[in-house]
Each structure stands twice: as C-alpha cells, then as structure tokens.
Amino acid sequence: VLRPSIQEQQTESVMSEEVHQSRPVEPPPVTLAEVFRRHGPAYLAKHVLSSAKAKVWRAIVACRTAILGGHVETCDGCGVTRHVYHSCRNRHCPQCQTRAKEQWLAKRRQELLQVPYFHLVFTLPHALHVLIALRPRVIYEVLFGAASATLTEFGANPRWLGGKLAFSLVLHTWKQDLGRHVHVHALVAGGALTPEGEWKSPKRRFLFPVRALSTVFRGKFIAALSEPRGSGRPLVAELADEKVWRALRQQLLVHDWVVYAKQPLGGPEQVLEYLGRYTHRVAISNERLVGMDETTVRFRVRATPGKRVLSVPAEEFIDRFLLHVLPSGFKRIRHYGLLAPAAKATRLALARQALSVPPPDPVIKATVEDFLQRVDRAQWARCPHCHEGRFVPTAVIPPLSQATPQNASVRGPP
C-alpha cells in the first residue's frame, strides 16, 4: 500500500523524477477543480451549499486525485512508474464525460432508424427564472411533460403524421456565459409508425410548424401549472396566491415562446455525432477556461463573429456554475414514443419492418464497445518514455478521507 505525495494528489498521472527532468515544465492548465480549490474557501465562507451542490463540489475537487485512490503502474520495459487516480464519474464534472458519452452512444446505435432526423429546441421564458430557482425539480418535470406531450400530439395528428414518434429529450439549463437558460433539445426521427403498422414520413422538408408548436407548448406548460391550483394543491406553493399567479400568467402570455427548429440531420452516423454534442455536455468544459487570478476567472464564450474571452469575479463564476447542478436523481435524458422503455424492442422492430430495413446486427454493439475500450486502453498503456513497454498495475493507492465543504446544508434541494 502506497501513500502519494502532495504533488501527486493534484495530477492524474505522475511520472518518475527522471521523466520530469527530460521534459520542459509547462504551467498547469486552468480547470474547474483548480478554480474551486483556489477560490473555494472564500466562497464557502459566505455561501451555504445544499447537499446536492456539496456533493458535486467534493466530486469535482477530488476527481483524478489521491483523494479517490487509484493504483501505481510500472512500465514492463524501462521500469518508469506513474500514479493513476480514479475518476469521480459525477455527471457535472467536465473531466468525466467522454467515456460515459461514448458508451451511451454505443448503446444508441441499436435504436437508430434509417430515416432523417430533426432537431428541435423548447425554451422556457425568463419570467420563470425565479420559480426555477425556488423549485427546479418541479419546473423541469413540467418542461419535460409539456415538450413531450406537444410532440406526441403533433405526431398523432393525421394532418401531420398520424402515428407514434420516436424522440429523445435532453435538458440543458445554461447559456455560454453560464447564465440561466432552461431548454430541452429534442432529437426526433423523421416520421411516425401508424396504428396500421406503416411508416409515414413528413410531406415537407420540416417536421412540424414551429409557430404552432410554440403555441401548444406554452398552453400545455401553463395548464400544467394552473390545473392543480383548482384543487387547492398547486405544484408550486409560491403560486397559491391568486395575485402572484395572475401576474406570472400575464407575463407568460405576453410573448411567444421560443421553439427553434434546426436543419434536418443526415443518416444514423451523422445523428450519433450530432447527438453526442448534447447528451453529456456540462455547463462549462475545462477547455473553455482561459485563466484566473486572485479575484477573477476568464473563459471563452461564442460571439458574433468568432469567440471572445469573458472575465467575471470568481465568486460570481462559482455562483453561475452552481446554478446548473441538477436535483439529486433527476433524469436529464429521456426517451419517448417508440423509444420509451416499455415495449421499446417490439416497437422498434415494427418500425424497421415498416421501413423494410433489417434489424441491427447484435455483434456491432459489442464490437464498438470493445473497440473503444481496446483503443483507449492501448494508447494509455503504451509507455511515452521508452515507446516500447506497457504499463501494468503494480500497487494499490488507498483513497484518502475528504472533509465535507463548510456551510453545506443537511438537506438537499426539493
């Protein structure tokens, strides 16, 4: 059993002293974990974290450090050693999404249909931001319900398709500057399976008219908030007051809600590549972080044209990131219609039969997963020092105890 040094706790893998001397020393990249480590004490002295946010904080800070433990690997050719630390696998951590995304996409390959796909975005207006801050779980559930019911209704309407759609929804809560921007991305197969077992494709180059989608989506969302009030059991306690509810309802009806439709996507491979951009994205990646000092954090944002660097106070940066911590156990990726968990295999088989395409080869899924693991492991195991040997595990590094961040509340969010 080995105990790593302090220096080793802050890096994913540390080579031996000889290897360090043979390489130029580069400044460590800015990461979200480093922002938390450097500015965390001042932030936690002024803010109380919910248990859900404290859990995310601990995971990000501990990810790929000695806190989580790991193992020692030794090159079987030249004897160089390195310490490899475990990942936190938290869905909010920018270091832990690549492998999770690839494994998730490998499973989705079995479910894609040989049809064009459409990308729609359902966005909530800013008037709901205060309510979202108070009751995120409730509002997110209503958003999923309203968006899915809207698409299901349009798909079943004989005017458009007259059948059951196959679509997935992915929740995002941020915009480029980490401000609150709650929306769901919908990836919809181009067509529907009719009750007669036929596949009906869209008659035009678009799936549904976005203005009509916007109107129905807004109506279903407001109805979901309004109807429980009639029984005296509002979904959100803050809306029990009639004046508050009327004021909010008026704000929600003033403007059209945004439903955005992007260009139709290509075949299955293009769809998978496109889908991977959204499913396991976090509020900000480490690659977007440019630098930090004693008071500010700098990061890149998209602009027109190109990109620009935004500088914000460190406290505000952390505040913005924590806005996007999801309620504990909340599912941010959901599947509907033909892709709903109940009888999914049967429904997809009927859809493929209607499209006259063969079922996917079950070998493909295993081959893809094996290939990803094999290639990833082969690259990681090759020794960069001698370029001939391979690293093999030789010792275990036990995890270290980790203290809970100060000012973390006992209870999590609702």
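Modeller: Here is a walk through the salt bridges, with some background on the fold. This is a predicted model, where local features need pLDDT of at least 70 and side-chain atom pairs count only at pLDDT 80 or more, while totals for chains, interfaces and linings use all residues. Residues are numbered from 1 along each chain as its sequence is written, and side-chain values use heavy atoms, with hydrogens and water left out.

Start with the whole protein. It has 13 helices and 13 strands. Helices (H or I, at least four residues) and strands (E, at least two) are DSSP runs, numbered from the N terminus. Of the 414 residues, 44% are buried. Buried means under 20% relative accessible area, exposed means over 50%, and partly exposed is in between (1.4 Å probe, protein chains only).

Now the salt bridges. The structure holds 12 of them. A salt bridge is a side-chain nitrogen of Lys or Arg within 4 Å of a carboxyl oxygen of Asp or Glu.

Look at E111 and K344. Their closest N and O atoms are 2.8 Å apart. E111 sits in the loop between α5 (98-108) and β3 (117-123), and K344 sits in helix α12 (residues 344-355), so this pair ties together parts that are 233 residues apart in sequence. E111 counts as buried because its relative accessibility is 11%. K344 has a relative accessible area of 23%, so K344 is partly exposed. R108 joins in too: R108, E111 and K344 are linked in a network of salt bridges.

Next, take E316 and R320. Their side chains meet in a salt bridge at 2.3 Å, N to O. Both lie in helix α11 (residues 314-322), and they are 4 residues apart, so about one helical turn separates them. E316 is partly exposed because its relative accessible area is 30%. R320 has 17%, so R320 is buried.

A further pair is E73 and R82. Their salt bridge spans 2.9 Å, N to O. E73 and R82 are both buried.

For a C-alpha example, find V396 in strand β13 (residues 391-397). The C-alpha atoms of V396 and G70 are separated by 6.2 Å, yet these residues are 326 apart along the chain. V396 counts as exposed because its relative accessibility is 54%.
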